[in-house]
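Subject: Structure handed over, with notes

Dear colleague,

I am passing on the structure below, and I would be glad if you would look through it alongside my notes.

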Amino acid sequence: MRSLTQPERADLDLVAVLHALSDPVRLELVRLMASDGEVSCSPEHLYIPRSTLSNHWRILREAGLTWTRSEGKARYMTLRRDDLETRFPGVLAAILACATSPLRG
């Protein structure tokens, strides 16, 4: 399995983070990780094609919002809350506090 691009804390870019959070699906994935911790690559309550979800996870990972852990063929994502808070204090908490959840089924 190829290695995944995951930026270091010092390389996190606010524009990339905000872009990643600008999509409702990606914002819902971040909300899910914020409340549930580690999340599998295909959360049960999101009815989105697997290929589309893979793209959303890639954008979140490359922006530095998530860490991805592989276990066999499965991947599990966690929110990089500490890294984001250190780099951009209060930004993630403010966005999550204002976000609504239109995608839950």
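How many cavities of 30 Å³ or more does the structure hold? It holds one, a cavity being a set of points on a 1 Å grid over the protein atoms alone where a 1.4 Å probe fits but cannot get out. This is a predicted model, in which local features need pLDDT of at least 70 and side-chain atom pairs count only at pLDDT 80 or more, while totals for chains, interfaces and linings use all residues. Residues are numbered from 1 along each chain as its sequence is written, and side-chain values use heavy atoms, with hydrogens and water left out.

The largest cavity has about 30 Å³ of space, and its lining (residues with an atom within 4 Å of a point) is formed by Val17, Leu21, Leu84, Phe88, Val91 and Leu92. Helices H1 and H5 are the elements that give two or more residues to this lining, whose residues divide into six nonpolar, no polar and no charged.

Helix H2, a DSSP run of H or I with at least four residues, covers residues 24–36 and reaches 18 Å from its first C-alpha to its last. Within H2, Val25, Arg26, Leu27, Glu28, Leu29, Val30, Leu32 and Met33 are buried, that is, under 20% relative accessible area with a 1.4 Å probe and protein chains only. Their cover includes helices H1, H3 and H5.

Best wishes

Technical notes: The expected span of a helix is 1.5 Å times one less than its number of residues. Buried means under 20% relative accessible area, exposed over 50%, partly exposed in between (1.4 Å probe, protein chains only). Contact means heavy atoms within 4.5 Å. On a 1 Å grid over the protein atoms alone, a cavity is a set of points where a 1.4 Å probe fits but cannot get out, and a pocket is an open set with protein on both sides within 12 Å along at least five of seven lines; lining residues have an atom within 4 Å of a point. Grid points are joined across faces, edges and corners, and a volume is the space filled by probe spheres set on the points. Ala, Val, Leu, Ile, Met, Phe, Trp, Tyr, Cys and Pro count as nonpolar, Asp, Glu, Lys and Arg as charged, and the others, Gly among them, as polar.
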